[in-house]
Structures are given as structure tokens and as C-alpha cells.
Amino acid sequence: VDRETIMSVFLVLNEDCPEIRYIPAEEAELLFAVLDSGGENRISEEEFMSFCKVMLLQFERASAYTTFIEHHVPSLFHAESFQSFSDAIKSDTFEHAVDAVVALNAVFVAIQSYPQLVGEPSYEDEHITDGQIDTVWERFQTAFTVIYCIEMGVKILVLGWKRYSESFRNLFDAFITVLSFASTCYVYYPNRFSDSRLIRFVVMARVLRLIRVLVAMKKFQVIGSTFLDILPAARRIILFLFSIMYIFSSLGMILFGGLITRDPNNPASERLRDTDFAENNYWENNFNDLLAGMNVLFNLLVVNNWTTQADGILAVTETKLSRLYFLGFHLVGVVLVSNVVT
């Protein structure tokens, strides 16, 4: 097939096949050049067999990836020192160094948040809310924010915004970095809100970046790929299980809706006094609405202290027949679907 015929094919596709993306003349020339691997200005039958694959190719102008330095200060861009700096920023060593900083940040966040995580009373330094960087934790938080801002800046400088923004990881890091910087300015700029804990909560999201360290490990790659492989097959089971939970949650609202309450004027609240349900603060595990009921059923599904939750319902209903509801869901949801079907 000669060149003119192939070009006519591209024109026909543009005019009569709206479901196929429009192919400009310049791009058509590039596609033909890719097809004509032999450089004979015509397409052989073997080359034509790859026509569909070639049609999937998309081209981008090299100028779109020109960085600010390369465009405005080309002498600096081509300097040996800047090229060495660029190679260092693009290297795995730089990424590992940033990951180490993120891990260190995670350790500091964990130490600060440990009392809240384990449910113990915490006593924050009164200087935390004075709007000044005058505690050790605040200095570390500010230092981490500065490091993240520098990292984002040098990456954009070296890679250019287009290449930088093509990476989801970079976009995620940039979002958290900008949010951290904005939170730092908001907290330490004189205003009514000066609680530096806001910065800690924002930076906690960046710790998710450490997941990529796990992904780099071969054993976790096997686990991750296996999980992704079973998702299509598990879709029907998940929908089936969701339907069962929806039905049982609706039934729970009919049977037990409004019985779990802290209202002192409601006799049901008195019945829960001194029960394991009340002592463990399971108040949110109720059937007062559909979502709360789904929460209870999820706890039952993973067999998380389900007897304590059942005893709370037993206390307010004052009948052991209420246990039949929990036993029924355990048999259907846990034994039948989770254990037998899956």
C-alpha cells in the first residue's frame, strides 16, 4: 500500500468515524513513518497488520516538556554543574532520601499522636496554641514543611511542570505540600486560630507515601498483584454481601431503631447502665439509622466483639429473642458467605 492510500485512509477515518480521535495531517505523517519501518515509502502487508496498534500512539511536542530554566536561561541549563544537580534530583538516591524524611516525619507524628491513638488522656503544651514557633514539635513540623517545599520546588525546576504533573505521586505530594504550607501560614499568621496541631493532621496524609516503599518489596508486590487479580472475581460476592447487610440493617432499624440512646428521659438508657456495652462506649454501634446499622453489621462480619454489641441490644429489648437476629446474620453473612462461598 503506497503512502497516498494510507493518507486517504486517515482522511476517511476523520470524516466518517467520529468514534476515533481526530488525526491531524502532521500526526498522520508521523503515524505513516512509524508504520513504514523499512523506509520504502510504502506499507507491506506485514507492516499493515500493526496498523491498529500504531493508531493508539499519541505524540507530544518536545517543546511542551521544556523547563523554565531551559527556556529562559539555556546557558545555565547546559552548564555541567546544573546537569549534575539535575541528575541528582532525578536519581533514586534523592527519592530514598525524601522517603527517609517522610518516615522520620511519621515517627514524630506517631509519638505526638500516641495518646490519642491508644485512647489515653493527652496533655498538649499550652504553647501549641499561641501562634508562635516556640516548642520542639512546632520547630520540627516547620522544618519538615520547609523540606517538602524545597523538594517540590527543585523537582519542578528540574523536570518542568508538565513532566512533574504527569506523575500521580508528584501531584499527591504537591497537594499535601501546598496544604501544609498554607496551614503553616494560617496557623502562625496572627488570627483567631493558632493551633499548630492542624499542620500535624495535614502532614499525616503525606505519610501515605510510605506505601510505595512497601510496594517496592517483592513479597508485597505478590500480595498486591494477587489482591488486584481477585477483585473482578470478588465483585459479585461483595455486591451479594452488601445486599445482605442492607437487608439486615433495614430489619435492624425496624426492630431496634431508637433503643440505643443516652437520653436520660428514655427508659432504655437506664437499662444500659453498668453493661459492657456502655462501659466500652459502644454507643455509636446502634440501629438508629441505616449507616449506623451497616457499621454494626461490619463489626459482626469481622467478628469484632459482636457478643458485647448483642448484649447491648439484649439489655434494651429485655428478651433473649433479640439474639436470633445476630445469630441469623452470623450464619448468613459470616459462615455462609464469608467462609463457605468465598
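Is Glu 318 buried or exposed? Glu 318 is exposed, with a relative accessible area of 59%; here buried means under 20% relative accessible area, exposed over 50%, and partly exposed in between, using a 1.4 Å probe on protein chains only. Before we go on, keep in mind that this is a predicted model, where local features need pLDDT of at least 70, side-chain atom pairs count only at pLDDT 80 or more, and totals for chains, interfaces and linings use all residues. Residues are numbered from 1 along each chain as its sequence is written, and side-chain values use heavy atoms, with hydrogens and water left out.

**The big picture**

- The protein chain has 19 helices and zero strands; both are DSSP runs numbered from the N terminus, with helices being H or I and at least four residues, and strands being E and at least two.
- Out of 342 residues in the protein chain, 34% count as buried.
- Take the contacts in the protein chain with a separation of 6 or more: 64% of them come from residues 24 or more positions apart. Contact here means heavy atoms within 4.5 Å.

**Two helix pairs**

- Two packed helices are described by the angle between their axes and the distance between the axes.
- The axes are lines fitted to C-alpha atoms, for helices over the stretch in contact, and angles run from 0 to 180 degrees between N-to-C directions.
- Helix α14 (residues 218–256) packs against helix α17 (residues 290–301) at an angle of about 120°, and their axes are 9 Å apart.
- That makes α14 and α17 oblique to each other: angles under 35 degrees count as roughly parallel, over 145 as roughly antiparallel, 65 to 115 as roughly perpendicular, and the rest as oblique.
- On the α14 side, the residues making the contact include Phe 242, Met 245 and Tyr 246, while those of α17 include Gly 293, Met 294 and Phe 298.
- Sorted by class, this contact of α14 with α17 has eleven nonpolar, three polar and no charged residues. Ala, Val, Leu, Ile, Met, Phe, Trp, Tyr, Cys and Pro count as nonpolar, Asp, Glu, Lys and Arg as charged, and the others, Gly among them, as polar.
- Helix α1 (residues 3–16) and α2 have axes that come within 10 Å and cross at roughly 130°, so α1 and α2 are oblique to each other too.
- Arg 3, Ile 6, Met 7 and Phe 10 of α1 meet Ala 28, Glu 29, Leu 31 and Phe 32 of α2.
- The contact of α1 with α2 has six nonpolar, no polar and two charged residues.

- Most residues other than glycine have a negative phi.
- Glu 318 isn't a glycine, yet its phi is positive, at about 60°. You'll find Glu 318 in the loop between α18 (306–317) and α19 (323–341).
- Asn 41 also has a positive phi, near 65°, in a residue other than glycine. Asn 41 sits in the loop between α2 (25–35) and α3 (45–48) and is partly exposed, with a relative accessible area of 44%.

**Cysteines and a buried serine**

- Searching the whole structure turns up zero disulfides; a disulfide is a pair of cysteine sulfur atoms within 2.5 Å.
- Cys 185 is in no disulfide, and the nearest cysteine sulfur, that of Cys 149, is 8.4 Å away.
- Cys 185 is partly exposed at 36% relative accessible area, while Cys 52 counts as exposed at 59%.
- Ser 180 belongs to helix α11 (residues 168–188) and is buried, with a relative accessible area of 2%.
- Ser 180 and Thr 145 are 35 residues apart along the chain, but their C-alpha atoms are separated by 6.4 Å.
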